[in-house]
Amino acid sequence: MGYEISFKLAWDELDRLALQDCTVSFLGENYQVRAGEREVLQPSGAPAGEMEAVLILHYLIGLLKHGFHTTGEWISFKETKGGKLFWPAFQESCIKPLVQSLQRDPEGLVRNLSARLGGRRVGGGDVAVELATFPEVFVRMLFWKGDEELPSEASMLFDRGLTEIYSMEDVAVLLMAVVQRAIK
């Protein structure tokens, strides 16, 4: 398990904030949040995975407390509070798998991001895809294919406003969820 404390704290905070049952769109799927039962359900009605459920609960806490307001400033994980310290681990767990997937099948990765996750191509890098994680919360993935002189590279960007509702740790988990779904 490992998420028990996060669940309890999140549900306790949502109780204080008087959360009502609601539907939350996450990576193109609608999850049901049942406050009274303290459960988050996938579109199929099955319980959501722990990672997805905690991300959704923390998103709702941030929305209820602060609201989400885009700033128009795209930043990377390194630019979050504490992000530089955890950059090597983030690079290993998120960026490296994206680069490896890009090297194996660049068009397949872009198709997967577009078809399965509702991403759309945008400008940047050799290829760039933007996708909605939550309503109005977008993540951009930029890819450079590399050549004999430079290795392939990837970057993940998001609006600075996300750091008003998510901690650095939550941003890392959100981006990890994106990567896991992107390379499936």
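Helices (H or I, at least four residues) and strands (E, at least two) are DSSP runs, numbered from the N terminus. Residue H58 lies in helix α2. The model is a predicted one, in which local features need pLDDT of at least 70 and side-chain atom pairs count only at pLDDT 80 or more, while totals for chains, interfaces and linings use all residues. Residues are numbered from 1 along each chain as its sequence is written, and side-chain values use heavy atoms, with hydrogens and water left out.

Three strands form an open sheet in the order β1-β2-β3, with antiparallel pairing; two strands pair if DSSP finds at least two bridges between them. At the edges are β1 (22–26) and β3 (39–41), each of which pairs on one side only. From one strand to the next, the twist averages 30°. Strand β2 (residues 29–34) pairs with β3 over three bridges, and V33 stands opposite V40 in β3.

Helix α2 (residues 50–66) lies across β1, β2 and β3 and runs at about 115° to β1. Such angles run from 0 to 180 degrees between N-to-C directions, with axes fitted to C-alpha atoms, for helices over the stretch in contact. Contact means heavy atoms within 4.5 Å.

Within helix α2, H58 has a relative accessibility of 18% and therefore counts as buried (buried is under 20% relative accessible area, exposed over 50%, partly exposed in between, with a 1.4 Å probe and protein chains only). Leaving aside neighbours within four places in sequence, H58 is in contact with S6, A10, I165, Y166 and D170.

**Nonpolar core**

The largest nonpolar core has 59 residues, and F134 and M156 have the most contacts inside it. A core of this kind is a set of buried Ala, Val, Leu, Ile, Met, Phe, Trp, Tyr and Cys residues joined through side-chain atoms within 4.5 Å.

**Salt bridges**

A salt bridge places a side-chain nitrogen of Lys or Arg within 4 Å of a carboxyl oxygen of Asp or Glu. The count comes to twelve salt bridges, including these:

| Pair | N to O distance |
|---|---|
| K8 and D12 | 2.6 Å |
| D15 and R38 | 2.4 Å |
| R34 and E39 | 3.2 Å |

K8 and D12 both lie in helix α1 (residues 4–16), four residues apart. D15 in helix α1 and R38 in the loop between β2 and β3 link distant parts of the chain, 23 residues apart. K8, D12, D15 and R38 are linked in a network of salt bridges.
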